[in-house]
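Work through the exercises below with the sequence and the three-dimensional structure at hand, and try each task before you read its solution.

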Amino acid sequence: MTTAPDGLPPLREVIARHGIAAKKGLGQNFLLDLNLTGRIARAAGDLSATDVLEVGPGPGGLTRALLAAGARRVVAVERDPRCREALAEIAARWPGRLEAVEGDALEVDAAALLGRPAAVVANLPYNVGTALLVGWLRAPFPPWWSRLTLMFQREVAERIVAAPGSGAYGRLSVLAQWRCEARILFDVPPQAFSPPPKVTSSVVSIAPLDAPRAQADLALLEEVTAAAFGQRRKMLRQALKGLGVAPETLLDAAGIEPTRRAETLPVEAFCALARALAQAR
Ligand code: SAM
């Protein structure tokens with residue numbers, strides 16, 4: 001039997017032995033190339049003094065890379081019980097350093113299972129990736145995580161890092177960039193996965209800033225961005241009508257031309273609108 005550098009069997013063999021044929025409904029596109037999983041683990045930086053949350057370890061390719069790269073401890077939340085034994089084998093190879101939790105990452109209170117400092121590294125299931133990210137971005141700041149290193153579909157990654165004026169700029173960009181620095185580290189082509197997805201993926205790094213780009217209440221910032229981008233082609237004096245306060249009052253207080261459109265406003269301007277909304281209510 002051939003073995004990988006960590007002494008464990010190659011992933012194809014693990015998948016065959018444990019019957020983990022990829023299921024589309026679970027967003028299962030597995031990475032089988034240990035060079036690539038190693039690259040993602042290294043992109044997360046030095047993890048030797050950090051606990052790592054991994055969502056969706058599947059057969060454990062990235063999990064193995066994180067442990068081999070020296071992560072202090074990995075807590076891996078996986079919904080698919082078919083992965084249980086494969087993960088148990090990895091845990092036995094790295095005693096005391098892998099805790100596999102069976103459950104839905106949207107429900108599990110992962111932060112409570114991690115020591116500090118903590119980071120998140122994951123090849124996210126595409127169907128819940130954005131919801132998970134929004135949950136992490138909504139954490140009270142400074143957040144419990146020191147960095148998120150996440151694989152998304154390229155189109156989602158572009159929305160996270162988009163600048164004002166670009167078609168990809170929207171609610172996710174504002175929420176991500178308000179209190180964090182977000183950048184795309186590298187792309188991963190479809191053929192790197194088994195089975196290959198239809199689109200290119202990208203690894204994104206999101207790190208908290210020392211201070212938010214501007215003061216705002218999170219709930220109001222979300223309300224303002226939802227209204228503004230809900231009608232992104234309309235001028236703000238029209239798009240902001242649903243907020244229960246005259247849009248002109250808000251725009252005037254925030255010093256924003258009523259004829260502008262949401263996609264032209266920098267994050268600081270959305271914060272000014274959120275503060276104006278707080279004042280006006
Ligand atoms: N980390 C593995 C890799 O890189 O090869 C698998 C990544 S695959 C894109 C996504 C994984 O997330 C799958 O193993 C899937 O079963 C798991 N998953 C899907 N939805 C989940 C959820 N709500 N909570 C936890 N895991 C989930």
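**Exercise 1.** Find what share of the contacts in the protein with a separation of 6 or more comes from residues 24 or more positions apart.

Solution. Next, take the contacts with a separation of 6 or more; residues 24 or more positions apart account for 69% of them. As to the source, this is a predicted model, in which local features need pLDDT of at least 70 and side-chain atom pairs count only at pLDDT 80 or more, while totals for chains, interfaces and linings use all residues. Residues are numbered from 1 along each chain as its sequence is written, and side-chain values use heavy atoms, with hydrogens and water left out.

**Exercise 2.** State how many helices and strands the protein has, and then explain why it counts as compact.

Solution. Along the principal axes, the C-alpha atoms fill a box of roughly 70 × 35 × 25 Å.

**Exercise 3.** Describe the two domains and their contact.

Solution. The bounds come from an automatic or database domain assignment, which gives domain 1 (11-208) and domain 2 (218-280). Their contact takes 13 residues from domain 1 and 15 residues from domain 2, and the C-alpha centres of the two domains lie 33 Å apart.

**Exercise 4.** Decide whether serine 201 and glycine 244 are buried or exposed.

Solution. The cut-offs for relative accessible area, with a 1.4 Å probe and protein chains only, are under 20% for buried, over 50% for exposed, and partly exposed in between. Serine 201, found in strand S9 (residues 201-208), has 7% relative accessibility and so counts as buried. Leaving out residues up to four places away in sequence, serine 201 touches several others, including Met151, Phe152, Phe186 and Phe193. Glycine 244 sits in the loop between helix H9 (236-239) and helix H10 (247-254), and its relative accessible area is 71%, so this glycine is exposed. The C-alpha atom of glycine 244 is separated by 9.3 Å from that of leucine 277, 33 residues apart along the chain.

Notes
Helices (H or I, at least four residues) and strands (E, at least two) are DSSP runs, numbered from the N terminus. The radius of gyration is taken over C-alpha atoms; the globule rule is 2.2 Å times the number of residues to the power 0.38. Contact means heavy atoms within 4.5 Å.
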